[in-house]
Structures are given as structure tokens and as C-alpha cells.
Amino acid sequence: MAEDIYAFNRLEGAFHRMKSLLWPARWGIWLRLAVIALFVGGGISIPNVFQYQFEEADFLAGNAGSFPEILPMVVLGIIAVVLAIALVWMFIGATMQFVFVDMLSTGDIHIRRFFRERLGKGTRLFLFEIGITVAMVLAIMALFLILFGFGSIGTGAAAALLIIALIPIILVAALIFGLIFLLTTDFVVPIMIREDCGVIEGWQRLIGVISAGLWQTAAYVVVRFVVGLIAAIVQAVLVIIALLIIAIPFVLIGVVLLAAFQGGNIALFVVLLIPYLIIAIPAALLIAVPFVTFFRYYALLVLEGLGPGYRLLPE
């Protein structure tokens, strides 16, 4: 029975295609796919290294009085910058989703060649993702406003129990929105490429495909989650090992310099941190390359089984 389910019988094909593309290793291909992993999601987790605790002596006495006055402006400025960076990042990531499919479907592993062509579709996908995200946030806010905004619930045990009861609802909502994002990335994006259409029309076509193979789609979602969870654990272990190995020479250099300067120095920490991150982040992205490549091949092969007209990969 398993051989009739696309979610199972496409796994081996996805692995062989990934292996054929990445081995023997060609660094140009790996580096370009590492850039793709950076934007489409490669499971990268950067440790929180900024744990320095500022003390009163770190600020000049002349600025102590004015600092509380400018703090709100500084905070708003930081939020605005972070939000702007996040939006730009999301836009590039949305466009890269199409570039990634183009690269795998044509075998031409170049980014700039496809990026300009896909800016229009990337913009549509970006706006769709923003809309879904805003809808999710507004839905959660509305739920809390209805329950707590009028002060009728009270406080104490009753409010605590209600919050606990809301957790399954929030989890279900998050699951639904996560499923929408997954199916959009895995299936709607290639459909948009094949049909040269927008996100909404792509979803309309996907709904027709899902209706004709509901259990196949459900099996894909389950297998995708299980295999994705296993892959995330393996990738996290590999990344941690790589980061620890890379950290060894920096730790040794830091110990020697600390002994020479007879004490700690935040400037020394920054000087060592910057080159460490310059090496560690690309290393983590390179580790992510086989994983993101496998799952994109896997999604394209399953979509091909669900709807033979959406075949994008060569024989």
C-alpha cells in the first residue's frame, strides 16, 4: 500500500536527485544554494551572545539625566529598523522561493539569472504572506480582546484556567496558518510558475488538486512533518558540532589574550566574535543546503504525483 502513496514513494527519488546535484561537491553550487537557504529557511539558530550587563558606570554622568527622555525614541527607532529589515528579508525570501524552483527545474544553479524574472511573483507571494500573518495576529488579538478586554473575566484562578483553555485554540490556529504557509511554499509556488498566475489563482488550482487526492495530500503533510522534525534534529546536531569546532581556536586565542591583558575586555569579545560569526554562519548555511534541497525536490515530486500536469523536474 505504501508504494501507492506519493508521500512515501517520492522520498527516495528526492534523495537521489539531491545527491546527484550536490555530489561530487561543486562549491559554486553549494554556495549559491547556501544563499537560498539563508532566505527560504535553513533551520539556522544563532546563539544569544549579547549578554553583557551594562552597569551604571558604563554611562557618562552627563548623559544620565537625558537618557530616560531619549529612550522611547531609541526603542521606536530600533523597532522601525528591525521591522524594515524583516520586511525586506521576507520580500527577498518570497522571491527566492521561485528562484529555488527555477534552479532545480532547469538545473541552472544561478540566482541573478532568475531573480529579476521572479520579482513580480515574489511581490505577490510577499503580500500574501503579510496578509496571512496580519490576519493571524488580528485573530489572536480579537480573541483576547473579546475575553479579557471588558474585564468581565476577572483575575486569579478563573482567568488562569481560561488562559490554559485557550492554549489548544491558539495551537490549532497556528497549525492552520502553518499549513497554509507550507502548502503555499511547497505547492502553490510551483503551480504559479507552471500556470503563470497569481497566488489566489494558484490556491484555486491547488484546491482542485487536493480535492482529487485528499488522502495523498494528508499523507504528505504528516510525512513532511515527521521527516522534517527528524531532519531538523539532525541538522541542529550537525550545526552545534560545527559551531563548537569553529569556536575552539577563538576560545584558545581569547584565553591567551585575556591572560596577557590581565582581565576581561568587551572590545576583545567583539573582536573575536565578528570573525567567528563570519565563519560560523556560512558553515551553518552550508550544512543546511542538503536539507533544503531535499525537501524542495520532495515537494516537487509529490506535486507531480498529485497533478501530472504540474511536472517541473526533468526526467
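What follows is a short tour of this model, from the overall picture down to single residues.

Let me say at once that this is a predicted model, so to speak of the conventions: local features need pLDDT of at least 70, side-chain atom pairs count only at pLDDT 80 or more, and totals for chains, interfaces and linings use all residues. Residues are numbered from 1 along each chain as its sequence is written, and side-chain values use heavy atoms, with hydrogens and water left out.

On confidence, pLDDT is the predictor's confidence in each residue, from 0 to 100, and its mean over the protein is 85, with 84% of the residues reaching 70 or more. Where pLDDT is low, the predicted coordinates should not be read in detail.

Now the fold. The secondary structure comes to 11 helices and 0 strands; helices here are DSSP runs of H or I with at least four residues, strands are runs of E with at least two, and both are numbered from the N terminus. Of the 315 residues, 36% are buried, and for accessibility the terms are buried for under 20% relative accessible area, exposed for over 50%, and partly exposed in between, with a 1.4 Å probe and protein chains only. If we take contacts between residues at least 6 apart in sequence, 76% of them join residues at least 24 apart.

What does the largest nonpolar core look like, and which residues have the most contacts inside it? By nonpolar core I mean a set of buried Ala, Val, Leu, Ile, Met, Phe, Trp, Tyr and Cys residues joined through side-chain atoms within 4.5 Å. The largest one has 78 residues, and Leu33 and Phe187 are those with the most contacts inside it. Helices that each supply at least two residues to this core include α2, α5 (67-106), α8 (157-195) and α10 (214-261), while α11 gives the most, with 22 residues. Leaving aside neighbours within four places in sequence, Phe187 is in contact with Leu206, Tyr220, Ala299, Val302, Leu303 and Leu306.

Turning to charge, the structure holds 7 salt bridges, each defined as a side-chain nitrogen of Lys or Arg within 4 Å of a carboxyl oxygen of Asp or Glu. In one of them Asp108 meets Arg113 at 2.6 Å, N to O; Asp108 is buried at 19% relative accessible area, whereas Arg113 is partly exposed at 48%. In another, Asp196 and Lys121 meet at 2.9 Å, and because Asp196 lies in the loop between α8 and α9 while Lys121 is in helix α7, the pair ties together parts that are 75 residues apart in sequence. Of these two side chains' residues, Asp196 is exposed, at 60%, and Lys121 is buried, at 8%.

Asp186 forms a salt bridge with Arg224, the closest N and O atoms being 3.7 Å apart; this pair links helix α8 to helix α10 across 38 residues of sequence, and both Asp186 and Arg224 are buried.

Which side chain of opposite charge is nearest to Arg296, a buried residue with no salt bridge? That side chain is Asp186, 4.6 Å away, where Lys and Arg count as positive, Asp and Glu as negative, and His and the chain ends are not counted. Arg296 is found in helix α11 (residues 266-306), and its side chain makes a polar contact with that of Gln97 at 2.9 Å. A polar contact is a pair of N or O atoms within 3.5 Å; within protein, one must be able to donate a hydrogen and the other to accept it, and residues adjacent in sequence count only if both atoms are side-chain atoms. Not counting residues up to four places away in sequence, Arg296 touches Gln97, Phe100, Val101, Leu104 and Thr185.

Finally, Ser105 in helix α5 counts as buried at 16% relative accessibility, and its side chain reaches the backbone oxygen of Val101 at 2.9 Å.

How values were computed. Contact = heavy atoms within 4.5 Å.
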